[in-house]
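Here is a brief report on one protein chain. Please look over its sequence and fold before reading on.

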Amino acid sequence: MKVIIKETPAEGSIWAARYIAKRINEKAAVSDKPFVIGLCTGSTPIETYAELIRMVKAGEVSFKNVISFNMDEYVGLPEDHPESYHSFMHKYLFDHIDEPAENIHILNGNAPDPALECEKYEEAIVKAGGFDLFLGGVGEDGHIAFNEPFSSLSSRTRVVTLTRDTREVNSRFFGGDWKLVPAQAMSVGVATVLSSKEVVILAFGSKKARAIKDAVEGPISHYCTLSGMQNHPAGTVVCDEQAVGELKVSSYRYFKAVAEAEGE
Ligand code: GLP
């Protein structure tokens, strides 16, 4: 695992956007096959998406041959609800880039047969060729997508029950009332994320410091589902200084030295 430590969230976001664009362009230069990307929601990726939008408008990257799959969606929330992940993605990314509508995949949280919806999602990912890169965030408790603590590290796309903690954290988007946050979501599993050739996780702010410590220095454990990344051959966590505040000084120095040696 690599940990890229930038001074501020803005610098981390720009680093991540340019890294994603570089990967899309590298594949486009050698192959006609689409670039398959996993995408996340939450407040963390907004600046990364803004930089990607700028790059698309500047002609520095194109999403015309990109296929995306979002990692999760609330169950039972109307698609056009302002806090649905459908609305979020259109507002912060899809409405501003050149990705064809038919290439966009987001779980249908109102599907009549939720289990079938999740099964079909996994099939569609395989049909698209599997993920080249998965972009994720992390919850304060170390959850990746909506894989709450004690989710199996072998989990695949399914309906999950959200913890009270996660509903309280996300209540800021629902007028501060945790009971208005849907109790369930559909989420790709930990194994779905880890099936990607590459995983890039964004973590900014001191509220993520415990999750980053557990994921990077702790044991691989379903207690912190992001720790499953330790088994991934190409996992990168992009942090600001606040998010690495709980790492050991020796770990911090190690990651800074590696990044410096590699010109990051
Ligand atoms: C939700 C999402 C996660 C996201 C997390 C962190 O739980 N399902 O994918 O990583 O929120 O959100 P934020 O970036 O707002 O801190």
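## Burial and the model

A residue counts as buried when its relative accessible area is under 20%, and as exposed when that value is over 50%. The model described here is predicted.

By that cut-off, buried residues account for 52% of the 264 residues in the chain. The chain exposes about 11,800 Å². Carbon and sulfur atoms supply 53% of that area.

Helix H3 covers residues 85–92. Its residues Tyr85, His86, Ser87, Phe88 and Met89 are buried.

What do the buried residues of H3 pack against? Two helices take part: H2 (46–57) and H5. Strands S2, S3 (66–70) and S4 (72–74) take part as well.

## Overall build

The chain holds eight helices and 10 strands. Its radius of gyration is 17 Å, close to the 18 Å that the globule rule gives for 264 residues, so the chain is as compact as a globular protein of that length. Along the principal axes, the C-alpha atoms fill a box of roughly 50 × 45 × 35 Å.

Take the contacts in the chain with a separation of 6 or more: 78% of them join residues 24 or more positions apart. As for charge, the chain has 27 positive and 37 negative charges.

Strands of a sheet pair through backbone hydrogen bonds, either parallel or antiparallel. Here, seven strands form an open sheet with parallel pairing. Their order is S1-S10-S9-S6-S2-S3-S5.

Strand S2 spans residues 35–39 and strand S6 spans residues 133–136. The two run parallel and are joined by two bridges. Isoleucine 37 has leucine 133 in S6 as its bridge partner.

## An exposed loop residue

Lysine 179 sits in the loop between helix H5 (164–170) and strand S8 (184–187). Is lysine 179 buried or exposed? Its relative accessible area is 59%, and the cut-off for exposed is over 50%, so lysine 179 is exposed.

Arginine 164 is 15 residues away from lysine 179 along the chain. The C-alpha atoms of these two residues are separated by 9.0 Å.

Terms used. Residues numbered from 1 in each chain as written. Predicted model: local features only at pLDDT ≥ 70, side-chain atom pairs only at ≥ 80, totals over all residues. Heavy atoms only, no water. Helix = DSSP H or I, 4+ residues; strand = E, 2+ residues; numbered from the N terminus. Rg over C-alpha atoms; globule rule 2.2 N^0.38 Å. Buried < 20%, exposed > 50% of the residue type's maximum accessible area, 1.4 Å probe, protein only. Contact = heavy atoms within 4.5 Å. Areas by Shrake-Rupley, 256 points an atom, 1.4 Å probe, with all protein chains shown as cover. Lys, Arg positive; Asp, Glu negative; His and termini not counted. Charge placed at Lys NZ, Arg CZ, Asp CG, Glu CD. Pairing = 2+ DSSP bridges.
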